[in-house]
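Reader: I would like to learn how to read surface patches, aromatic pairs and charges over rings from a set of coordinates. Could we take them in turn, with the general idea before each case?

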Amino acid sequence: MATNTDSTSTTSFVDLTKLTVQDFKDLAAMSQKDREAAIKKAAITEYTKEEVCKIAPMTFVEEMTAMCLFLFGVPGAVFSLPVVVVLGGYLTQNFRLAFTVAGVVGVTLALWPAPFVEKSLSSWAAVQVLRYFSFKGIFEEPLSSEKPYILVAPPHGVFPFGNIATMIAFPSIMGFSFRALAASAALRMPVFRQLLGTIGATDASRSNAERMLNKNRTLGISTGGVAEIFETSMDGDEVIVLKSRQGLVKLAFRTGAALVPCYLLGNTHLLSMWCGGDETSFGRKALQWVSRKMGVALILFWGRFFLPIPYRVPIVGIMGKPIPVPKKENPTPEEIEFFHNKLIEDMIQLFDRHKAKYGWENKKLIVR
């Protein structure tokens with residue numbers, strides 16, 4: 001990669017798709033000092049729209065591997081696996097046996113532990129996910145493994161593919177991994193539980209989040225959740241749900257973790273969806289209400305070939321400068337509001353600084 005030594009710019013751009021599987025393994029095995037030197041060499045500070053939006057080339061086997069992970073893993077398993085069970089019953093002419101086997105396997109997987117396996121982030125399959133999304137990283141300031149951070153990373157989109165790609169790429173850029181907070185419902189589902197747990201997803205409960213941060217672990221969160229899924233659109237401006245999310249600021253106060261505004265350009269354009277109609281329709285309002293109660297978005301979504309396979313749209317993960325938050329057990333409402341407003345302000349400014357390089361010059365970030 002070309003290297004720019006312009007000291008006036010602090011923003012670094014890294015095209016992760018140019019790294020080989022061996023590069024990822026080597027970076028994971030390096031000392032912190034050597035890794036920082038390697039990333040500094042790979043990063044550039046002057047880059048074009050073409051470099052940001054370029055689709056990474058993939059072989060047939062590489063692309064099919066990624067597509068199968070999406071179709072039979074996350075998020076496609078909720079659609080594809082029932083079809084496989086029915087097909088198995090039809091071929092064997094024994095539907096009772098097919099559903100019994102599926103039930104036993106499903107319950108087993110739902111109860112089976114799914115520990116975080118950090119080496120999975122540099123596996124061949126994980127690297128294909130990055131290539132599929134042509135994933136690039138833009139970071140304005142490096143983070144330290146000695147401090148806890150809360151990476152606030154919208155938008156959720158139909159499915160947080162950008163967050164998964166960031167989890168895979170993060171150790172190669174920053175030198176340490178982070179854990180992503182995920183809804184309990186998602187982590188209880190068979191297959192979802194195994195795949196997400198292996199790469200570092202963890203339950204989004206308050207007690208678990210505090211425990212992680214108090215161990216100086218960095219956490220990532222897509223704050224909008226189910227509510228933000230219903231705001232997803234490929235047309236018009238970007239919309240995120242953050243104004244009502246003061247809980248993460250309180251979490252930062254309790255643990256002394258810095259808040260890091262992040263944004264995932266392209267994450268709202270990976271899948272098409274139908275959610276009951278426009279914002280004023282009864283169908284949409286009903287689906288939103290039921291989805292909030294269940295903790296899972298009840299929508300129809302599709303991508304390539306009308307299957308739950310995301311489109312090959314580039315994802316660019318942008319990480320802004322940390323907002324230090326003092327450790328304080330009982331912050332005042334004014335203190336909470338100050339840091340909450342600061343986070344929203346910095347998020348909007350982060351989006352505006354980088355949107356043009358993604359070809360979104362005319363888009364605005366609307367915070368609800």
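Reader: Which residues form a nonpolar patch on the surface, and about how much accessible area do they have together?

Author: Please keep in mind that this is a predicted model. The nonpolar patch on the surface is formed by Val86, Leu87, Tyr90, Leu91, Phe95 and Phe99, which together have about 640 Å² of accessible area. Two elements, α5 (77-92) and α6 (95-111), each give two or more residues to this patch, and α5 gives the most, with four residues.

Reader: How is a pair of aromatic rings described, and how many aromatic pairs does the count come to here?

Author: The description of such a pair rests on the distance of the centres and the angle of the planes. In this model the count comes to 16 aromatic pairs. One of them is the tilted pair of Phe133 and Phe161, with 5.4 Å from centre to centre and 45° between the planes. This pair links distant parts of the chain, 28 residues apart, since Phe133 is in the loop between α7 (124-132) and β2 (136-139), whereas Phe161 is in helix α8 (residues 161-174). Phe133 counts as buried at 1% relative accessibility, and Phe161 is buried with a relative accessible area of 2%.

Reader: What angle do the planes of Phe253 and Phe339 make, and why is the pair edge-to-face?

Author: Their planes are at 90° and their ring centres 5.4 Å apart, so the pair is edge-to-face, given that an angle over 60 degrees counts as such. Phe253 lies in helix α13 (residues 247-255) and Phe339 in helix α15, so the pair ties together parts that are 86 residues apart in sequence. Phe253 is buried at 1% relative accessibility, and Phe339 is buried too, with a relative accessible area of 12%.

Reader: Which residues form one aromatic cluster, and which residue lies over the face of Tyr132?

Author: The cluster is formed by Phe70, Tyr132, Phe133, Phe159, Phe161 and Phe192. Over the face of Tyr132 lies Arg312, at 5.4 Å from the ring centre. Elsewhere, the charged end of Lys357 sits over the ring of Tyr47, 4.3 Å from its centre.

Notes
Residues are numbered from 1 along each chain as its sequence is written. This is a predicted model: local features need pLDDT of at least 70, side-chain atom pairs count only at pLDDT 80 or more; totals for chains, interfaces and linings use all residues. Side-chain values use heavy atoms; hydrogens and water are left out. Patches are made of residues with over 30% relative accessible area and no salt bridge: like charges are joined within 9 Å, nonpolar side chains (Val, Leu, Ile, Met, Phe, Trp, Tyr) within 5 Å. Accessible areas come from the Shrake-Rupley method with a 1.4 Å probe; for residues, only the protein chains shown count as cover. A salt bridge is a side-chain nitrogen of Lys or Arg within 4 Å of a carboxyl oxygen of Asp or Glu. Rings of Phe, Tyr and Trp (its six-membered ring) pair if their centres lie within 6.5 Å; planes under 30 degrees apart count as stacked, over 60 as edge-to-face and the rest as tilted. Buried means under 20% relative accessible area, exposed over 50%, partly exposed in between (1.4 Å probe, protein chains only). A charge sits over a ring if NZ of Lys or CZ of Arg is within 6 Å of the ring centre and within 35 degrees of the ring normal.
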